Amino acid sequence: MRVFFNLLYHPFAFSYDFVAAVVSFGKWNEWVRSVIPFISGTRILELGHGPGHLQQALTTLQFDSVAMDESAPMGRLAKRRLGNLQKLARAVTQKIPFASETFDSIISTFPSEYIFDPQTQSEAYRVLRGGGRLIVLLAAWPRNPLLGWLFKVTGQSPTEAHESIKSKIMETLGCVNFKMDIQIIEVKSGNLLLIIAHK
C-alpha cells in the first residue's frame, strides 16, 4: 500500500481525482467537505492538501486557511485549482513550518500513515492554539449494496467493524497531550470515521 500511495501522490498525482471518485462511488469530495462543520475558529491548517478541493471550499467560505503537502505534483495541481487564492507550503508533517499556537483547527482528510507518526502529532499539538482541534477524516464506508452483502457473507456487522477500528485507533494514535474523540458520522452516502483531538 505504501508503494501505491507513493505512486498516487507523486508520478500519478494527475489520476488522484479519478481514483478517489472510483473508490468512493463519486462521493469523495462530499466526504472531504463533511469535516467543515467540525472546524473551530477561523485560522485553519490543512495537512496533505492533495489537489486542493478542500482548500477551495474553505476559501469560498472565507476561512483564513493555509495548507501543506510534501508532494510537489499535488502542489502544482492545487495551485492550478486555487490560482491567486492559494496559500500552500511544501513540507512534511513531522516539521510543520509555522510558529507555535498559530491555528484554531488543523484538518487532515484521508491521510496516509504520516498521521500516526508521534512527531506529526507533536507538531500538530505545537501549532494549535489552546482549545484548538485536530480533525482527521480517517476512513469512509459508502452506502452500497455490495458492501452490505460483504458484511453479511463475513458474518460481521458494520457496527462491529467500526468498534474494532475505533479501538485500534485509540491504541495507535498515542499523543498523550490530546483529548481524543472518535466518531462514526452518518451521512447520506455512507459512514465516516472522524477523529477530533482537542488541545
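**Figure 1. Helix α4 and the residue that follows it.** In this predicted model, helix α4 is followed by Gln62, which has a positive phi near 65°. The helix itself covers residues 53-60. His53, Leu54, Gln55, Ala57 and Leu58 are its buried residues. Thr59 also sits in α4, but this residue counts as partly exposed because its relative accessibility is 25%.

**Figure 2. The salt bridge between Asp64 and Arg43.** The side chains of Asp64 and Arg43 form a salt bridge with an N to O distance of 3.2 Å. Asp64 belongs to strand β2 (residues 64-69) and Arg43 to strand β1 (residues 43-47), so the pair ties together parts that are 21 residues apart in sequence. Asp64 has a relative accessibility of 31% and therefore counts as partly exposed.

**Figure 3. The salt bridge between Asp104 and Arg129.** Asp104 pairs with Arg129 in a salt bridge whose closest N and O atoms are 3.1 Å apart. This pair links distant parts of the chain, with Asp104 in strand β4 (residues 103-109) and Arg129 in strand β5 (residues 128-142), 25 residues apart. Asp104 counts as buried because its relative accessibility is 16%. Arg129, with a relative accessible area of 32%, is partly exposed.

**Figure 4. Glu123 and Arg126 in helix α6.** Helix α6 spans residues 118-127 and contains Glu123. Arg126 lies in this helix as well, three residues from Glu123, or about one turn of the helix. Their side chains meet in a salt bridge, 2.8 Å from N to O. Glu123 is buried, at 10% relative accessibility, whereas Arg126 is partly exposed, at 25%. Leaving aside residues up to four places away in sequence, Glu123 touches Thr93, Gln94, Lys95 and Ile96.

**Figure 5. A patch of positive charge on the surface.** Arg76, Lys79, Arg80 and Arg90 gather in this patch. Helix α5, made of residues 72-82, contributes the most, with three residues. Arg80 is found in α5, and this arginine is exposed, its relative accessible area being 64%.

**Figure 6. The whole protein, for orientation of the close-ups.** The secondary structure consists of eight helices and seven strands. The protein has 199 residues, of which 46% count as buried. Its accessible surface is about 10400 Å², and carbon and sulfur atoms account for 57% of that surface. Among contacts with a separation of 6 or more, 65% are between residues 24 or more positions apart. Five salt bridges are found in a search of the whole structure; among them are the pairs Asp64 with Arg43, Asp104 with Arg129 and Arg126 with Glu123.

Key:
Residues numbered from 1 in each chain as written. Predicted model: local features only at pLDDT ≥ 70, side-chain atom pairs only at ≥ 80, totals over all residues. Heavy atoms only, no water. Patch = residues over 30% accessible without salt bridge, like charges linked within 9 Å, V, L, I, M, F, W, Y side chains within 5 Å. Areas by Shrake-Rupley, 256 points an atom, 1.4 Å probe, with all protein chains shown as cover. Salt bridge = Lys/Arg side-chain N within 4 Å of Asp/Glu carboxyl O. Lys, Arg positive; Asp, Glu negative; His and termini not counted. Charge placed at Lys NZ, Arg CZ, Asp CG, Glu CD. Helix = DSSP H or I, 4+ residues; strand = E, 2+ residues; numbered from the N terminus. Buried < 20%, exposed > 50% of the residue type's maximum accessible area, 1.4 Å probe, protein only. Contact = heavy atoms within 4.5 Å.
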